[in-house]
Amino acid sequence: MSSASTTNPRLSARSVGKAFHGNPALIDVDLDLHGGEMLALVGANGAGKSTLVKIICGAYTADVGAISVDGQLVEIRSVGDALAAGIAVAHQQIAVIPSLTAAENVMLGREPSKAGFIRKAALYRSAREILLRFGIDIPLDRDCEELDEGENKIVDILKALETEPAILILDEPTASLTLAESRKLFAFLRGLKAGGMAILFISHHLGEVFAECDRVVVLKDGRKVHESAVAATTPEAVVQAMVGRAVADTTWSSCIDGAATTIVRDAVIAGLRVPDLTIAPGEIVGLAGVVGGGQTQLVETIAGAGAKFEAREIVVNGKPGCPRSVADAIERGVYLVAEQRIKKALLPGLSVSENLLIASLRLLSRTGFIRDRQTTGPVRDAISSLSVKCGGPDQDVLELSGGNQQKVAFARWMLRMAKGDKTLKPLLLLDNPTEGVDVGSKAEIYELIQALARNGASVLITSTDFPELLKLCDRIYCIAHKTVDVCLPRADFSEERLLLAVS
Amino acid sequence: MSTPVSSTRRQQSEFGSIVAKLQSSTFVAKYGTVLAAVLVFVVFSLASDRFLSVDNVSIVLIQISVLMVVSSGLTVAVASGEFDLSLGQVTSLGGVLVAGLMIWSQLSAGMAILLTILAGVAIGFVNGMLVTWLRVPSMIATLAMGPIALGLNYAYTNGDSIYARMPESFYYISNGRIFGFIPAPIAIAVVVAIVFYVLLNKTRLGRGIVATGSNIQAARLSGIKVDRSRIIAMVLSGLGAAMGGIMLTARLGSGQSGAGDAYLMDSMTAVFLGMTAFKPGRATIQGTVVGVVIIGMLDNGLNLLGAPFYLQNEVRGIVMIAAVSLAVLRAEIRFFR
């Protein structure tokens, strides 16, 4: 960072502010981004990171404030204006077309052509030149659906570089990548940086911020609360700035209580072989694998929502046989917090209350009629027990921040447990439960999971965030080569071993 | 090492004014359609001295009663995330069936009504099975069911209208007065709307239907029997159409093969208009009521003002486009994802 601060910034934002529906999302934010530096922008969900990025790239216009590029004041009113000013964005969602090859994706929209026909050889030559220029190696002739997520992300960024920007914004580029894939991506980004690119890097992973970035800016509740060189601060200080308080690192203790009540032996579930998987009451079992490794199909099958499968032996929460339906699984006390909450867990457009009640309607309305008298209490309890921050039970669930949305997905089952048979020890299936969740809410969710285990719940948790598994679990099963293979006991835990086992 | 940042008072007050502006726009988002209805009402009241007369208001309410019944059923289908494009033809079929059963088969009014409603339910059930078992998107399944219902209609009537005296009790549906002064069709529409409102908002079944329409995957993973929800929603849509057909025949005094066809377009428009009101993006009975009232006032008002007959069609199309585009522009209709 030493040289960066002495030069003039490439991008500079001054007193930027923006409000939505009366809620200020960004208040008086200053930001400087220099050529040849990677600036990390971090903050809890709802801190204003996305809003700031969208203002810089023209998706939103700021209510107040000014943005200049290379000292020149620029008026950014549209995405086109931002591109013209030399600002390019790679969004969190990877926007490659899976059925096209890597080269075709890199050259998408600027294919060399003659009389309207694409000149394939020239296309591949140009794509190869681009790869060579950035010093990376990707199989250009393979379809993108055959490439791993990390390679797709690089293809995606290469597309963003098409306009030859001086400023590159990366919105959570590593969100869906494994560590190995992330490392490859960072090697690529280091190359870009060395070439003088100014990179604004948004991330939830402080590990990579401290390993790869030069400076870090922390937003909280729409304000800039912390800015420093990475070398001059610590992850603890950054987290404290993000959440506004010190986050206690929870101490781990095992709560295993009795023999396994969930057993899967010699099963093949959606192409994933499961030789031996057991979970005991009070035990927190991790399932580590790459994104799309089949862990989602496994947990959804146990939750009664999977396709047909074969198994020599299967016991789910004390009862032999796989649940035939989700309703059947719920009766057994098997509760799934699905991955990708917006797609699979939440009911968008419906209120917080409706989202919380949806799994407990049978318990709360025996006659078939839903009466406010019977539902307001449980809803209030669920909201307060997980301290869900919302404007009230009638607020649209999509208006909550990511962390609070995830709490609603959890609280739905807390409400069910509170109203259901208390002697039934639940089996919780948590599919990547902290995806896109801020550090503060993450800590609360960890505490919740541990509290549930202490009360005798069996927990199966999948995550792409390995430190999270290492922190929470009694044992971790590793998925490699389409098999739930190695099982690491806590004594053998280390990130390196986990990485080796899943790759 | 850290740089705390504070904001100035000037900025705070600017945010204050933005807050006020946005709050008022949330109000517009919720009640804009209601305001539009009021506007239409005021404009026609000023433009025509007959519009507000007791007779005319009564005529409008009677005219929209069939649409309200048909649209109530469609609202449930749309709330479950499905279309029902067979609606118009099912309404027509219901209309000729009830007439034929009374006139040709000499059944009592009650029996004819019951069998006609069962026929509507059966078609809705088939629609539901096509959508869930055969996985045909409802847009296609019900589009195909339309001509099938029309074919049944022609097979039954030979394409002719069914003219003859029907049992006197049947006409009570159109001419009767509840408590001696409330026209029966209005009472039926109000009761149907209330029943469907309670169903969608206050029952487990309705909540399951709404959850299915909001996010079918999440609903399924929460233990909702989503296929059952969708089938029941399609059944209720068929039920509404059949009831509408019966009311229509009672009003017209004869079973006419194509009498109900126009109700597809009108009820779709009513539901889409409704999706821009109260709970933006959601199909609700209360919203549909507003939509139905707007359509009824437009039809009647344009008539009173002596507008050429084709203008009503133009207005219908424009209102539908306006309703959907308003909702989509505000990113509120999740239905069209």
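User: Leaving aside neighbours within four places in sequence, what is A:T51 in contact with?
Analyst: A:K18, A:A25, A:L26 and A:Y60. Two residues are in contact if their C-beta atoms, placed from the backbone, lie within 7 Å. Bear in mind that this is a predicted model, in which local features need pLDDT of at least 70 and side-chain atom pairs count only at pLDDT 80 or more, while totals for chains, interfaces and linings use all residues. Residues are numbered from 1 along each chain as its sequence is written, and chains are lettered from A and ligands numbered from 1 in the order in which they are written.

User: How far apart are A:T51 and A:L26, in sequence and in space?
Analyst: They are separated by 25 residues in sequence and by 7.1 Å in space, C-alpha to C-alpha.

User: Where is A:T51 found, and is A:T51 buried or exposed?
Analyst: A:T51 is part of helix α1 (residues 49-56) of chain A. Helices (H or I, at least four residues) and strands (E, at least two) are DSSP runs, numbered from the N terminus. A:T51 counts as buried because it has 24 C-beta neighbours inside 10 Å. The cut-offs are 20 or more other C-beta atoms within 10 Å for buried, 12 or fewer for exposed, and partly exposed in between, with C-beta atoms placed from the backbone.

User: Zooming out, how many helices and strands are in chain A?
Analyst: Chain A has 18 helices and 22 strands. Its radius of gyration is 24 Å, close to the 23 Å that the globule rule gives for 503 residues, so chain A is as compact as a globular protein of that length. That radius is taken over C-alpha atoms, and the rule is 2.2 Å times the number of residues to the power 0.38. The C-alpha trace of chain A spans about 65 × 50 × 50 Å along its principal axes.

User: And how many does chain B have?
Analyst: Chain B has 13 helices and 2 strands.

User: Of the contacts between residues at least 6 apart, what share joins residues at least 24 apart?
Analyst: For chain A it is 70%, and for chain B 76%.

User: Which residues have the most contacts inside the largest nonpolar core?
Analyst: A:L429 and A:V459, in a core of 170 residues. Helix α10 (residues 226-252) of chain B gives the most to this core, contributing 15 residues. Apart from it lies another core, of 75 residues, including A:L52, A:A82, A:F201 and A:V218. A nonpolar core here is a set of buried Ala, Val, Leu, Ile, Met, Phe, Trp, Tyr and Cys residues joined through C-beta atoms within 7 Å.

User: What does A:L429 touch, beyond four places in sequence?
Analyst: A:V299, A:I302, A:A303, A:V334, A:Y335, A:L336 and A:L460.

User: On to helix packing. At what angle do α3(B) and α4(B) cross?
Analyst: Helix α3 (residues 87-103) and helix α4 (residues 109-132) of chain B cross at roughly 150°, and their axes come within 9 Å. Axes are lines fitted to C-alpha atoms, for helices over the stretch in contact, and angles run from 0 to 180 degrees between N-to-C directions. The two helices are therefore roughly antiparallel. Angles under 35 degrees count as roughly parallel, over 145 as roughly antiparallel, 65 to 115 as roughly perpendicular and the rest as oblique.

User: What about α15(A) and α16(A), how do they cross?
Analyst: Helix α15 (residues 402-419) and helix α16 (residues 439-454) of chain A cross at roughly 20°, with axes that come within 9 Å. That makes α15(A) roughly parallel to α16(A). Their crossing is left-handed. The contact is made by A:G403, A:N404, A:Q406, A:K407 and A:F410 of α15(A) and A:G440, A:S441, A:I445 and A:L448 of α16(A).

User: Last topic, backbone. What is the phi of A:S15?
Analyst: A:S15 is not a glycine, yet its phi is positive, about 50°. A:S15 lies in strand β1 (residues 11-20) of chain A. With 16 C-beta neighbours inside 10 Å, A:S15 counts as partly exposed.

User: And the phi of B:R135?
Analyst: Also positive, about 60°, and B:R135 is not a glycine. B:R135 is in the loop between α4 and α5 (138-157) of chain B. B:R135 counts as exposed, because it has 8 C-beta neighbours inside 10 Å.

Notes:
A crossing is left-handed if the near helix is turned anticlockwise from the far one by less than a right angle, and right-handed if clockwise.
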